[in-house]
Amino acid sequence: MCGQCGCDTTETLKHEHEHEHHHHHRHNHRLVDIQQSVLHKNHTLAQGNRQEFTQRNLLVLNILSSPGSGKTTFIEKTLKTTEQQFNYGVIVGDLATDNDAQRLRSTKAPVIQITTGDICHLEASMIKNASDELGLDGLDILIIENVGNLVCPAAYDLGEDIRVVLLSTTEGEDKPLKYPTMFKGADVVIINKIDLAEVLEWQEDLARENIQKIAPNALILAVSARKDTGMSAWYDYLAKARQAKTQTGYSLV
Amino acid sequence: MHEISLMEETLTIILETAQKENAVKIHRLNMRIGAVSGVVPEALQFAFDVTTQGTIAADAQLNIELVPTLCHCTECNRKFAPIDIIYQCECGSLNNKIIQGKEIEIVSLEIS
Ligand SMILES: Nc1nc2c(ncn2[C@@H]2O[C@H](COP(=O)(O)OP(=O)(O)OP(=O)(O)O)[C@@H](O)[C@H]2O)c(=O)[nH]1
Ligand SMILES: [Zn+2]
Ligand SMILES: [Zn+2]
Ligand SMILES: [Zn+2]
(Lines give C-alpha, C1' and ligand atoms only; values in the text may rest on other atoms or scores of the structure.)
(Ligands and ions follow the chains in the order given, each with its own letter.)
Protein backbone atom coordinates (compact mmCIF):
# COMPACT_ATOMS: atom_id res chain seq x y z
CA MET A 1 0.00 0.00 0.00
CA CYS A 2 1.23 3.42 -0.83
CA GLY A 3 1.93 5.32 2.36
CA GLN A 4 1.21 8.64 0.83
CA CYS A 5 -2.24 8.24 -0.54
CA GLY A 6 -3.16 4.86 0.87
CA CYS A 7 -3.98 3.41 -2.52
CA ASP A 8 -3.47 -0.25 -3.08
CA THR A 9 -0.46 -0.65 -5.34
CA THR A 10 0.12 -4.38 -5.19
CA GLU A 11 -1.90 -5.28 -8.24
CA THR A 12 -1.39 -2.35 -10.48
CA LEU A 13 2.29 -1.78 -10.08
CA LYS A 14 5.31 -2.84 -8.21
CA HIS A 15 7.58 0.09 -7.84
CA GLU A 16 10.04 1.57 -5.44
CA HIS A 17 8.40 4.29 -3.49
CA GLU A 18 10.27 7.44 -4.10
CA HIS A 19 7.12 9.35 -3.73
CA GLU A 20 7.53 11.05 -6.97
CA HIS A 21 4.49 9.11 -8.01
CA HIS A 22 4.46 8.85 -11.72
CA HIS A 23 1.86 6.12 -11.83
CA HIS A 24 -1.39 7.55 -12.96
CA HIS A 25 -3.83 6.77 -10.17
CA ARG A 26 -1.79 8.45 -7.49
CA HIS A 27 -2.19 12.18 -7.30
CA ASN A 28 -5.39 11.62 -8.96
CA HIS A 29 -7.11 12.39 -5.72
CA ARG A 30 -10.27 14.13 -6.54
CA LEU A 31 -13.12 15.55 -4.60
CA VAL A 32 -16.58 14.38 -5.59
CA ASP A 33 -19.50 16.49 -4.50
CA ILE A 34 -22.38 14.52 -3.02
CA GLN A 35 -24.50 16.96 -0.97
CA GLN A 36 -27.04 14.46 0.20
CA SER A 37 -28.88 13.97 3.44
CA VAL A 38 -28.27 10.53 4.93
CA LEU A 39 -31.95 10.42 5.81
CA HIS A 40 -32.98 11.34 2.28
CA LYS A 41 -34.16 7.82 1.46
CA ASN A 42 -36.18 7.59 4.66
CA HIS A 43 -37.67 11.00 3.99
CA THR A 44 -38.79 10.01 0.49
CA LEU A 45 -40.28 6.74 1.70
CA ALA A 46 -42.06 8.54 4.53
CA GLN A 47 -43.63 10.95 2.05
CA GLY A 48 -44.76 7.96 0.03
CA ASN A 49 -46.34 6.41 3.12
CA ARG A 50 -48.05 9.69 3.97
CA GLN A 51 -49.53 9.94 0.49
CA GLU A 52 -50.85 6.39 0.65
CA PHE A 53 -52.31 6.91 4.15
CA THR A 54 -53.97 10.16 3.11
CA GLN A 55 -55.53 8.60 0.00
CA ARG A 56 -57.10 6.07 2.32
CA ASN A 57 -58.28 8.68 4.84
CA LEU A 58 -56.26 6.79 7.39
CA LEU A 59 -55.15 8.63 10.52
CA VAL A 60 -51.69 7.49 11.61
CA LEU A 61 -50.17 7.88 15.07
CA ASN A 62 -46.51 7.41 16.00
CA ILE A 63 -46.25 6.65 19.72
CA LEU A 64 -42.89 7.32 21.32
CA SER A 65 -41.35 7.18 24.80
CA SER A 66 -38.57 5.79 26.96
CA PRO A 67 -38.74 2.04 27.59
CA GLY A 68 -41.55 1.22 29.99
CA SER A 69 -43.43 4.54 30.01
CA GLY A 70 -46.60 2.68 29.14
CA LYS A 71 -46.97 2.78 25.36
CA THR A 72 -48.41 -0.71 25.08
CA THR A 73 -50.76 -0.22 28.04
CA PHE A 74 -51.93 3.12 26.59
CA ILE A 75 -52.58 1.61 23.17
CA GLU A 76 -54.31 -1.44 24.67
CA LYS A 77 -56.66 0.77 26.67
CA THR A 78 -57.38 3.00 23.69
CA LEU A 79 -58.24 0.01 21.51
CA LYS A 80 -60.43 -1.70 24.09
CA THR A 81 -62.42 1.44 24.80
CA THR A 82 -62.88 2.78 21.29
CA GLU A 83 -62.76 -0.23 18.98
CA GLN A 84 -66.52 -0.03 18.47
CA GLN A 85 -66.00 3.43 17.08
CA PHE A 86 -62.93 2.91 14.87
CA ASN A 87 -61.27 0.12 12.98
CA TYR A 88 -57.71 0.04 14.20
CA GLY A 89 -54.54 -1.50 12.88
CA VAL A 90 -51.40 -1.69 14.99
CA ILE A 91 -47.71 -1.92 14.15
CA VAL A 92 -45.39 -2.60 17.07
CA GLY A 93 -41.64 -2.19 17.00
CA ASP A 94 -39.69 -4.09 19.57
CA LEU A 95 -36.02 -4.91 19.94
CA ALA A 96 -36.27 -8.60 20.60
CA THR A 97 -39.50 -10.04 21.93
CA ASP A 98 -43.05 -10.08 20.70
CA ASN A 99 -44.56 -9.58 24.18
CA ASP A 100 -46.14 -6.27 23.23
CA ALA A 101 -47.76 -7.75 20.14
CA GLN A 102 -49.07 -10.67 22.21
CA ARG A 103 -50.66 -8.27 24.67
CA LEU A 104 -52.27 -6.27 21.90
CA ARG A 105 -53.64 -9.38 20.24
CA SER A 106 -56.19 -9.56 23.03
CA THR A 107 -57.94 -6.73 21.18
CA LYS A 108 -59.90 -6.96 17.92
CA ALA A 109 -57.30 -5.05 15.93
CA PRO A 110 -54.87 -6.75 13.56
CA VAL A 111 -51.33 -6.40 14.91
CA ILE A 112 -48.02 -6.64 13.09
CA GLN A 113 -44.82 -7.00 15.03
CA ILE A 114 -41.55 -5.62 13.69
CA THR A 115 -38.59 -7.10 15.51
CA THR A 116 -35.89 -4.55 14.94
CA GLY A 117 -33.01 -6.59 16.35
CA ASP A 118 -30.20 -4.15 17.03
CA ILE A 119 -31.89 -1.21 15.32
CA CYS A 120 -33.19 1.10 18.02
CA HIS A 121 -35.90 2.88 16.02
CA LEU A 122 -38.45 2.29 13.27
CA GLU A 123 -37.87 3.52 9.72
CA ALA A 124 -40.32 4.42 6.97
CA SER A 125 -39.38 1.34 4.92
CA MET A 126 -40.33 -0.95 7.82
CA ILE A 127 -43.71 0.77 8.10
CA LYS A 128 -44.27 0.35 4.36
CA ASN A 129 -43.61 -3.39 4.56
CA ALA A 130 -45.60 -3.84 7.75
CA SER A 131 -48.62 -1.98 6.38
CA ASP A 132 -48.55 -4.10 3.23
CA GLU A 133 -48.56 -7.17 5.43
CA LEU A 134 -51.26 -5.76 7.69
CA GLY A 135 -53.52 -4.65 4.84
CA LEU A 136 -54.88 -1.14 5.24
CA ASP A 137 -58.28 -1.74 3.64
CA GLY A 138 -61.10 -0.71 5.92
CA LEU A 139 -58.90 0.75 8.65
CA ASP A 140 -59.63 4.15 10.20
CA ILE A 141 -56.65 4.58 12.48
CA LEU A 142 -53.19 3.04 12.33
CA ILE A 143 -51.23 3.11 15.58
CA ILE A 144 -47.48 2.63 15.50
CA GLU A 145 -45.71 1.80 18.76
CA ASN A 146 -42.13 2.87 18.20
CA VAL A 147 -39.14 1.31 19.94
CA GLY A 148 -38.69 2.52 23.53
CA ASN A 149 -36.01 5.16 23.04
CA LEU A 150 -36.11 8.95 23.29
CA VAL A 151 -33.20 9.66 20.97
CA CYS A 152 -33.12 8.28 17.47
CA PRO A 153 -36.81 7.67 16.68
CA ALA A 154 -37.07 11.48 16.67
CA ALA A 155 -35.03 11.63 13.46
CA TYR A 156 -37.14 9.17 11.47
CA ASP A 157 -40.33 10.37 9.86
CA LEU A 158 -42.59 7.38 9.29
CA GLY A 159 -45.31 9.22 7.39
CA GLU A 160 -47.48 9.70 10.48
CA ASP A 161 -49.98 12.50 11.10
CA ILE A 162 -49.47 12.81 14.82
CA ARG A 163 -46.52 12.22 17.11
CA VAL A 164 -47.55 11.24 20.59
CA VAL A 165 -44.78 11.29 23.19
CA LEU A 166 -45.38 9.61 26.54
CA LEU A 167 -43.71 10.77 29.70
CA SER A 168 -44.44 8.78 32.83
CA THR A 169 -44.38 10.19 36.34
CA THR A 170 -41.61 7.78 37.34
CA GLU A 171 -39.22 9.48 34.90
CA GLY A 172 -39.07 12.91 36.52
CA GLU A 173 -40.35 16.32 35.56
CA ASP A 174 -37.18 17.38 33.74
CA LYS A 175 -37.23 14.69 31.06
CA PRO A 176 -38.39 17.13 28.35
CA LEU A 177 -35.36 19.32 29.04
CA LYS A 178 -33.03 16.34 28.76
CA TYR A 179 -34.47 15.13 25.45
CA PRO A 180 -35.54 18.38 23.77
CA THR A 181 -35.35 17.07 20.21
CA MET A 182 -37.89 14.35 20.91
CA PHE A 183 -40.26 16.66 22.77
CA LYS A 184 -39.99 19.44 20.19
CA GLY A 185 -41.41 17.06 17.62
CA ALA A 186 -44.41 16.12 19.76
CA ASP A 187 -47.94 17.04 18.76
CA VAL A 188 -49.34 15.47 21.91
CA VAL A 189 -47.54 14.78 25.18
CA ILE A 190 -49.21 12.23 27.43
CA ILE A 191 -48.20 12.32 31.07
CA ASN A 192 -48.82 8.72 32.08
CA LYS A 193 -48.94 6.82 35.40
CA ILE A 194 -50.62 9.79 37.02
CA ASP A 195 -51.99 7.29 39.58
CA LEU A 196 -48.47 7.25 41.06
CA ALA A 197 -48.17 11.03 41.24
CA GLU A 198 -48.77 11.27 44.96
CA VAL A 199 -46.22 8.73 46.16
CA LEU A 200 -43.66 10.12 43.74
CA GLU A 201 -44.42 13.69 44.77
CA TRP A 202 -44.78 14.38 41.09
CA GLN A 203 -44.94 18.11 40.38
CA GLU A 204 -47.47 18.36 37.63
CA ASP A 205 -47.13 22.14 37.19
CA LEU A 206 -43.39 21.92 36.81
CA ALA A 207 -43.68 19.08 34.29
CA ARG A 208 -46.23 20.99 32.23
CA GLU A 209 -44.10 24.11 32.34
CA ASN A 210 -41.08 22.15 31.08
CA ILE A 211 -43.08 20.57 28.28
CA GLN A 212 -44.51 23.95 27.24
CA LYS A 213 -41.05 25.50 27.11
CA ILE A 214 -39.90 22.87 24.66
CA ALA A 215 -43.12 22.23 22.76
CA PRO A 216 -45.35 25.29 23.18
CA ASN A 217 -47.97 24.01 20.76
CA ALA A 218 -48.28 20.45 22.00
CA LEU A 219 -51.48 19.26 23.63
CA ILE A 220 -50.71 17.96 27.12
CA LEU A 221 -52.91 15.35 28.76
CA ALA A 222 -52.37 13.62 32.10
CA VAL A 223 -53.67 10.05 32.32
CA SER A 224 -53.32 6.71 33.96
CA ALA A 225 -53.49 4.16 31.20
CA ARG A 226 -53.60 1.37 33.73
CA LYS A 227 -56.28 2.81 35.99
CA ASP A 228 -58.14 4.34 33.04
CA THR A 229 -58.26 7.90 34.33
CA GLY A 230 -58.11 11.01 32.18
CA MET A 231 -58.40 8.97 29.01
CA SER A 232 -61.63 10.50 27.75
CA ALA A 233 -59.91 13.75 26.73
CA TRP A 234 -57.59 11.62 24.61
CA TYR A 235 -60.51 9.85 22.94
CA ASP A 236 -62.12 13.22 22.18
CA TYR A 237 -58.92 14.42 20.59
CA LEU A 238 -58.60 11.22 18.57
CA ALA A 239 -62.16 11.52 17.27
CA LYS A 240 -61.55 15.13 16.22
CA ALA A 241 -58.25 14.31 14.55
CA ARG A 242 -59.85 11.45 12.67
CA GLN A 243 -62.72 13.64 11.51
CA ALA A 244 -60.35 16.37 10.37
CA LYS A 245 -58.30 13.86 8.44
CA THR A 246 -61.33 12.52 6.57
CA GLN A 247 -62.64 15.96 5.79
CA THR A 248 -59.47 17.85 4.93
CA GLY A 249 -56.74 15.28 4.43
CA TYR A 250 -54.97 16.87 7.38
CA SER A 251 -55.20 15.89 10.99
CA LEU A 252 -55.87 19.27 12.64
CA VAL A 253 -52.68 19.48 14.78
CA MET B 1 -26.62 3.05 18.51
CA HIS B 2 -28.34 5.11 15.95
CA GLU B 3 -24.97 6.16 14.54
CA ILE B 4 -24.22 2.65 13.31
CA SER B 5 -27.30 2.48 11.13
CA LEU B 6 -26.75 6.02 9.89
CA MET B 7 -23.19 5.12 8.98
CA GLU B 8 -24.33 1.97 7.19
CA GLU B 9 -26.65 4.09 5.09
CA THR B 10 -23.83 6.59 4.52
CA LEU B 11 -21.46 3.83 3.50
CA THR B 12 -23.92 2.52 0.93
CA ILE B 13 -24.11 5.96 -0.61
CA ILE B 14 -20.39 6.64 -0.68
CA LEU B 15 -19.45 3.18 -1.96
CA GLU B 16 -21.96 3.60 -4.78
CA THR B 17 -20.49 6.98 -5.61
CA ALA B 18 -16.96 5.63 -5.51
CA GLN B 19 -17.91 2.79 -7.84
CA LYS B 20 -19.54 5.15 -10.31
CA GLU B 21 -16.36 7.19 -10.28
CA ASN B 22 -14.21 4.11 -10.77
CA ALA B 23 -12.35 4.90 -7.58
CA VAL B 24 -9.99 2.40 -6.01
CA LYS B 25 -9.74 4.13 -2.69
CA ILE B 26 -11.72 6.51 -0.51
CA HIS B 27 -9.46 8.89 1.37
CA ARG B 28 -11.76 11.27 3.08
CA LEU B 29 -15.44 11.69 3.80
CA ASN B 30 -16.75 15.16 4.56
CA MET B 31 -19.99 15.36 6.52
CA ARG B 32 -22.12 18.07 8.11
CA ILE B 33 -23.79 17.26 11.41
CA GLY B 34 -26.36 19.56 12.99
CA ALA B 35 -26.37 20.41 16.68
CA VAL B 36 -29.90 19.03 17.13
CA SER B 37 -29.64 16.12 14.71
CA GLY B 38 -29.42 13.63 17.57
CA VAL B 39 -26.07 12.42 16.25
CA VAL B 40 -23.09 12.28 18.59
CA PRO B 41 -19.97 13.03 16.50
CA GLU B 42 -17.74 10.71 18.57
CA ALA B 43 -20.20 7.87 18.11
CA LEU B 44 -20.34 8.59 14.39
CA GLN B 45 -16.55 8.48 14.19
CA PHE B 46 -16.59 5.15 16.00
CA ALA B 47 -19.27 3.81 13.66
CA PHE B 48 -17.23 4.99 10.69
CA ASP B 49 -14.10 3.18 11.87
CA VAL B 50 -16.05 -0.02 12.46
CA THR B 51 -18.23 -0.12 9.36
CA THR B 52 -15.55 0.85 6.85
CA GLN B 53 -13.30 -2.06 7.76
CA GLY B 54 -12.66 -4.32 4.80
CA THR B 55 -13.96 -1.73 2.32
CA ILE B 56 -12.10 0.74 0.11
CA ALA B 57 -12.91 3.35 2.75
CA ALA B 58 -10.87 1.61 5.44
CA ASP B 59 -8.23 4.03 6.81
CA ALA B 60 -10.11 6.97 5.33
CA GLN B 61 -10.57 10.13 7.33
CA LEU B 62 -13.94 11.30 8.52
CA ASN B 63 -14.21 15.05 8.63
CA ILE B 64 -17.23 16.42 10.50
CA GLU B 65 -18.38 20.00 10.18
CA LEU B 66 -20.66 20.91 13.06
CA VAL B 67 -23.68 22.97 12.10
CA PRO B 68 -25.11 25.26 14.78
CA THR B 69 -28.85 25.58 15.37
CA LEU B 70 -30.73 28.43 13.74
CA CYS B 71 -34.39 29.23 14.28
CA HIS B 72 -36.94 31.39 12.57
CA CYS B 73 -39.34 33.16 14.87
CA THR B 74 -42.88 32.92 13.54
CA GLU B 75 -43.95 35.83 15.74
CA CYS B 76 -41.50 38.58 14.76
CA ASN B 77 -40.13 37.01 11.60
CA ARG B 78 -36.51 37.12 12.79
CA LYS B 79 -33.76 34.54 12.44
CA PHE B 80 -31.92 33.77 15.64
CA ALA B 81 -29.38 31.38 17.11
CA PRO B 82 -30.91 29.92 20.27
CA ILE B 83 -28.77 30.21 23.36
CA ASP B 84 -30.36 27.24 25.14
CA ILE B 85 -32.68 24.33 24.48
CA ILE B 86 -35.78 26.40 25.06
CA TYR B 87 -35.26 28.36 21.83
CA GLN B 88 -36.79 31.57 22.99
CA CYS B 89 -36.62 34.49 20.62
CA GLU B 90 -35.53 37.94 21.82
CA CYS B 91 -39.13 39.03 21.33
CA GLY B 92 -40.17 36.54 24.00
CA SER B 93 -41.94 34.14 21.69
CA LEU B 94 -41.47 30.38 21.91
CA ASN B 95 -43.02 29.79 18.50
CA ASN B 96 -40.35 29.07 15.96
CA LYS B 97 -39.16 26.69 13.31
CA ILE B 98 -35.75 25.11 13.26
CA ILE B 99 -34.24 26.11 9.93
CA GLN B 100 -30.76 24.78 10.54
CA GLY B 101 -29.23 22.24 12.93
CA LYS B 102 -30.92 19.00 11.94
CA GLU B 103 -28.44 18.17 9.18
CA ILE B 104 -27.03 14.69 8.78
CA GLU B 105 -25.39 15.24 5.41
CA ILE B 106 -22.77 13.77 3.19
CA VAL B 107 -20.99 16.73 1.64
CA SER B 108 -18.22 15.26 -0.46
CA LEU B 109 -15.82 12.41 -0.92
CA GLU B 110 -12.13 12.41 -1.67
CA ILE B 111 -11.20 9.46 -3.82
CA SER B 112 -8.48 8.19 -6.10
N1 LIG C 1 -49.04 2.51 37.80
C2 LIG C 1 -49.12 2.52 36.48
N3 LIG C 1 -48.41 1.62 35.77
C4 LIG C 1 -48.50 1.66 34.43
C5 LIG C 1 -49.32 2.60 33.76
N6 LIG C 1 -49.20 2.39 32.42
C7 LIG C 1 -48.33 1.35 32.28
N8 LIG C 1 -47.91 0.91 33.48
C9 LIG C 1 -46.99 -0.21 33.78
O10 LIG C 1 -45.70 0.12 33.33
C11 LIG C 1 -45.04 -1.05 32.84
C12 LIG C 1 -44.56 -0.83 31.41
O13 LIG C 1 -45.70 -0.60 30.59
P14 LIG C 1 -45.71 -0.91 29.03
O15 LIG C 1 -47.08 -0.56 28.55
O16 LIG C 1 -45.19 -2.25 28.75
O17 LIG C 1 -44.64 0.17 28.58
P18 LIG C 1 -44.02 0.36 27.10
O19 LIG C 1 -43.74 1.81 26.97
O20 LIG C 1 -44.89 -0.27 26.09
O21 LIG C 1 -42.65 -0.44 27.25
P22 LIG C 1 -41.62 -0.86 26.07
O23 LIG C 1 -42.43 -1.34 24.91
O24 LIG C 1 -40.79 -1.92 26.69
O25 LIG C 1 -40.84 0.37 25.76
C26 LIG C 1 -46.04 -2.18 32.95
O27 LIG C 1 -45.78 -2.86 34.14
C28 LIG C 1 -47.37 -1.45 33.01
O29 LIG C 1 -48.36 -2.17 33.69
C30 LIG C 1 -50.06 3.54 34.54
O31 LIG C 1 -50.80 4.38 34.06
N32 LIG C 1 -49.92 3.44 35.89
ZN1 LIG D 1 -44.42 -1.57 24.63
ZN1 LIG E 1 -31.95 4.14 16.31
ZN1 LIG F 1 -39.35 36.76 17.72
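**The largest pocket and its surroundings**

Author: The largest pocket of this predicted model has a lining of 48 residues, and those that lie nearest its centre are A:R163, A:K184, A:G185, B:I98 and B:K102. The elements that give two or more residues to this lining are, in chain A, α1 (40–55), α6 (180–184) and α8 (204–214), together with β5 (96–100) and β6 (104–111) of chain B. The space that lies in the largest pocket comes to about 1,400 Å³. By residue type, the lining divides into 23 nonpolar, 13 polar and twelve charged residues. As a general point, rolling a probe the size of a water molecule over the atoms shows where empty space is left.

The side chain of B:S93 reaches the backbone nitrogen of B:N95 at a distance of 2.9 Å.

Elsewhere in chain B, residue B:M31 lies in strand β1, and with a relative accessibility of 2% B:M31 counts as buried. B:M31 and B:E65 are 34 residues apart in sequence, while their C-alpha atoms are 6.1 Å apart in space. B:N22 lies in the loop between α1 (2–20) and β1 (26–34) of chain B, and B:N22 is exposed, because its relative accessible area is 66%. The phi of B:N22 is near 55°, which is a positive value in a residue other than glycine. Most residues other than glycine have a negative phi.

Chain A has a residue with a positive phi as well, namely A:E201, whose phi is near 50° although the residue is not a glycine. The place of A:E201 is in the loop between α7 (197–200) and α8 of chain A, and α8 is one of the elements that give two or more residues to the lining of the largest pocket. A:E201 counts as exposed, because its relative accessibility is 66%.

A:C120 lies in the loop between β4 (111–115) and α4 (124–134) of chain A, whereas A:C152 lies in the loop between β5 (141–145) and β6 (162–168) of that chain, so the pair ties together parts that are 32 residues apart in sequence. A:C120 counts as buried at 11% relative accessibility, and A:C152 is buried with a relative accessible area of 2%.

The zinc ion (ligand 2) is coordinated by A:T72 through OG1, A:D100 through OD and A:E145 through OE, at 2.0 to 2.1 Å. Here A:D100 lies in helix α3 (residues 99–104) of chain A and A:E145 in strand β5 of chain A, so this pair ties together parts that are 45 residues apart in sequence. The spacing of the donors of the zinc ion (ligand 2) along the chain is T-x27-D-x44-E. A:D100 is buried, with a relative accessible area of 11%, and A:E145 counts as buried at 3% relative accessibility.

A:K71 lies in helix α2 (residues 71–82) of chain A, and A:K71 is buried because its relative accessible area is 5%. The C-alpha atoms of A:K71 and A:D140, which are 69 residues apart along the chain, are separated by 20 Å.

A last element to follow is helix α9 (residues 231–248) of chain A, which has 18 residues and reaches 26 Å from its first C-alpha to its last, close to the 26 Å expected at 1.5 Å a residue. Several residues of α9(A) are buried, among them A:M231, A:W234, A:Y235, A:L238, A:A241, A:R242 and A:K245. An α-helix has 3.6 residues a turn, so residues three or four places apart point the same way. Just after α9(A), A:G249 takes a positive phi of about 85°.

Definitions and conventions:
Residues numbered from 1 in each chain as written. Chains lettered and ligands numbered in written order. Predicted model: local features only at pLDDT ≥ 70, side-chain atom pairs only at ≥ 80, totals over all residues. Heavy atoms only, no water. Helix = DSSP H or I, 4+ residues; strand = E, 2+ residues; numbered from the N terminus. Expected span 1.5 Å × (residues − 1). Buried < 20%, exposed > 50% of the residue type's maximum accessible area, 1.4 Å probe, protein only. Donors = N, O, S within 2.8 Å, 3.2 Å for Na, K, Ca; no water. 1 Å grid on protein atoms, 1.4 Å probe; cavity = no way out; pocket = protein on both sides within 12 Å on 5 of 7 lines; lining within 4 Å. Points joined across faces, edges and corners; volume = space filled by probe spheres on them. Nonpolar A, V, L, I, M, F, W, Y, C, P; charged D, E, K, R; others polar. Polar contact = N/O pair within 3.5 Å; in protein donor to acceptor, adjacent residues only side chain to side chain.
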